[in-house]
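Thanks for coming, everyone. Let me put today's model on the screen. Please take a moment to look at it before I start.

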Amino acid sequence: MTLLAALLVSYFSFVSKAPPVEALDNGVGRLPFMGYNTWNAYHCDINETVILDNARLLVDLGLRDVGFTYMNIDDCYPEKERNAAGDIVVNATRFPSGMRNVTDTIHSLGLKAGIYSDSGWFTCQLYPGSFQNEDRDLKLFREEWNFDLLKYDNCAVPFDEVIKEGMVGKYTRMANAIADLAKSTGREPILFSLCQWGREQPWFWGRRLGQSWRTTDDVGNGWSAITSIINENSFITWASDFFGHNDMDILEVGNGGLNFEESKTHFTAWSLMKSPLLIGTNLPTATQETLEIFKNTEIIAINQDPVVGTAVQPFRWGHNPDWTFDSLHPAQYWSGESQNGTVFMLINVEDQPADMFFSLTESPWIRAGRQYSVRDLWTHTDNGTAVRNFTAHNVPAHGVVALLLKDAGDEPAGTEPPCARPEWCMDQNGTRIDQ
Ligand SMILES: *[C@@H]1O[C@H](CO)[C@@H](O)[C@H](O)[C@H]1NC(C)=O
Ligand SMILES: *[C@@H]1O[C@H](CO)[C@@H](O)[C@H](O)[C@H]1NC(C)=O
Ligand SMILES: *[C@@H]1O[C@H](CO)[C@@H](O)[C@H](O)[C@H]1NC(C)=O
Ligand SMILES: *[C@@H]1O[C@H](CO)[C@@H](O)[C@H](O)[C@H]1NC(C)=O
Ligand SMILES: *[C@@H]1O[C@H](CO)[C@@H](O)[C@H](O)[C@H]1NC(C)=O
Ligand SMILES: *[C@@H]1O[C@H](CO)[C@@H](O)[C@H](O)[C@H]1NC(C)=O
Ligand SMILES: *[C@@H]1O[C@H](CO)[C@@H](O)[C@H](O)[C@H]1NC(C)=O
């Protein structure tokens, strides 16, 4: 009996110490990763010159120093066939110096290196996929080529009778390979970026396997592509936290489909929703406006918050009734916690400028009866003190406002009405004041 009791006690103390959320904390990817990805600007037109030119520009333009530290190579780097030994072979015309030389150069620039493969028979451009070659390919990527990140796509899915496991199983094969390799080498695991496009709800299971999961199809090239991704992600903001992130896809800033205001909205939403941030433009031709957006360190600081891992989430949809799914008119009024205060994001989804008003306590992160100093994270100015509410005047069409509100003490005595949000507001003497 004593032994049984001891076993039960140790069993229950083990269970009670189990973390409430099963995020995979294997030491990498606590914060959303930031860097560059070759796909949107170059598609298959990549080679070592293009990659290293952009890598050097990450450094020379100051982008590495604000946090963009990964240089990620996307699809099309290898030959179509594996070699006789069964290994993926790099295209020697595109990479005359060899892949290890490229990653060594990337590392020598103070950057990390990312590579790409697929969980099926082939990649989306029909290069070799890693299905049934997970251990072999991972060893090549990690040990021989020395990559730090693996983006893992979702094309060329094997027949049911071959795979006999669901989407989770298909991605678990590589997650297991990563854990096994880390164990046998004693090295940090490769960062696992699941490119599973959302139809099988990777925000529920991706966190067991890797550090991020794509939530949507590939980003398109205009404003409606941005609003549709914001709209879909507005319903799953809870899924991003330390070590696990909704990946809203590569940034389209600088690729010509968005004006300046739209580009700022795009960058702000991805940052504050705690998505990985991957530059996807041709850096040799990047404009000052594009660089100004990528180098907004006050916005990046929220994305990289070391204390608060959660995302902003809508508190009011605005254009639509709350919880409306509308690809072109996503939620407009958002807030979230951060290391230094409450962050607000206001998106003008209309096609003309608008004033945008909110009561502070519409956000759950604001204390009633307090006033707040207001910092504008785009103009980089302190904009006075907000009591009860705030109005952003004349927000441009498709534009954004990002604010950091810090507690600035009690609101002025006698501020009326006695409850800022008077629903069921009552004096201690039992008098209800909202009727
Ligand atoms: C290898 O690279 C060359 C030069 O970019 C390209 O023309 C060729 O199609 C590539 N081979 C494969 C199999 O993609
Ligand atoms: C890489 O591609 C660029 C642009 O297509 C070309 O100018 C350059 O010579 C190529 N470099 C290699 C190593 O193939
Ligand atoms: C890469 O290869 C080139 C020659 O192709 C060489 O000059 C350079 O030093 C190599 N870089 C590294 C980091 O090994
Ligand atoms: C909080 O403020 C400190 C000091 O200004 C700054 O270094 C840090 O990046 C801020 N954190 C966030 C999440 O904005
Ligand atoms: C906004 O708050 C102020 C107090 O700072 C109050 O006088 C004003 O009526 C409020 N505006 C609205 C529309 O609630
Ligand atoms: C904050 O103040 C700056 C400088 O006056 C101004 O340009 C900006 O529009 C203000 N921000 C908001 C949201 O009102
Ligand atoms: C009860 O509260 C109401 C609202 O604050 C106030 O107007 C009223 O004078 C109070 N009545 C008494 C008897 O204190």
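One thing first. This is a predicted model. Please keep that in mind for every value I quote.

Let's start with the domains. The protein chain is split into domain 1, residues 19-303, and domain 2, residues 313-410. How far apart are the C-alpha centres of domain 1 and domain 2? They lie 31 Å apart. On the domain 1 side, 24 residues take part in the contact. Domain 2 brings 27 residues to it.

Now the area. Together, domain 1 and domain 2 bury about 2200 Å². Carbon and sulfur atoms account for 70% of that. Which residues of domain 1 lose the most area to domain 2? They are Asn231, Phe235 and Glu298. Those three make up 24% of what the domain 1 side buries.

Keep Glu298 in view. Its side chain meets that of Arg375 in a salt bridge, at 2.9 Å from N to O. How many salt bridges cross the interface of domain 1 and domain 2? The count is 1. Polar contacts cross the interface too. There are 11 residue pairs of that kind, with both partners at pLDDT 80 or more.

On to the ligands. I'll take ligand 6 to begin with. Around ligand 6 sit Asp376, Thr379, Thr381, Asn383, Phe390 and Val401. By class, that shell has 2 nonpolar, 3 polar and 1 charged residues. Arg375 is the salt-bridge partner of Glu298. Asp376 faces ligand 6 with a polar side-chain atom 2.7 Å from a nitrogen atom of the ligand.

Asn383 has a polar side-chain atom 2.4 Å from an oxygen atom of ligand 6. For Thr381, a polar side-chain atom lies 3.3 Å from an oxygen atom of ligand 6. How much of ligand 6 does the protein cover? On its own, ligand 6 has 360 Å² of accessible area, and the protein covers 52% of it.

Next, ligand 3. Look at Ser97. An N or O atom in the Ser97 side chain is 3.3 Å from an oxygen atom of ligand 3. The protein covers 35% of the 360 Å² that ligand 3 has on its own.

Last, ligand 7. Which residues surround ligand 7? They are Asp427, Asn429 and Thr431. The side chain of Asp427 places an N or O atom 2.7 Å from an oxygen atom of ligand 7. Asn429 has a polar side-chain atom 2.5 Å from an oxygen atom of ligand 7. Taken alone, ligand 7 exposes 360 Å², and the protein buries 32% of that.

To recap the interface: about 2200 Å² is buried between domain 1 and domain 2, and the salt bridge there joins Glu298 and Arg375. That's my part done. Thank you.

Note on methods: Residues are numbered from 1 along each chain as its sequence is written. Chains are lettered from A and ligands numbered from 1 in the order in which they are written. Side-chain values use heavy atoms; hydrogens and water are left out. A residue is near a molecule or strand if one of its heavy atoms lies within 4 Å of it. A polar contact is a pair of N or O atoms within 3.5 Å; within protein, one must be able to donate a hydrogen and the other to accept it, and residues adjacent in sequence count only if both atoms are side-chain atoms. Accessible areas come from the Shrake-Rupley method with a 1.4 Å probe; for residues, only the protein chains shown count as cover. Ala, Val, Leu, Ile, Met, Phe, Trp, Tyr, Cys and Pro count as nonpolar, Asp, Glu, Lys and Arg as charged, and the others, Gly among them, as polar. Domain bounds come from an automatic or database domain assignment. Contact means heavy atoms within 4.5 Å. Buried area is the accessible area (1.4 Å probe) that two parts lose on being put together, summed over both. A salt bridge is a side-chain nitrogen of Lys or Arg within 4 Å of a carboxyl oxygen of Asp or Glu.
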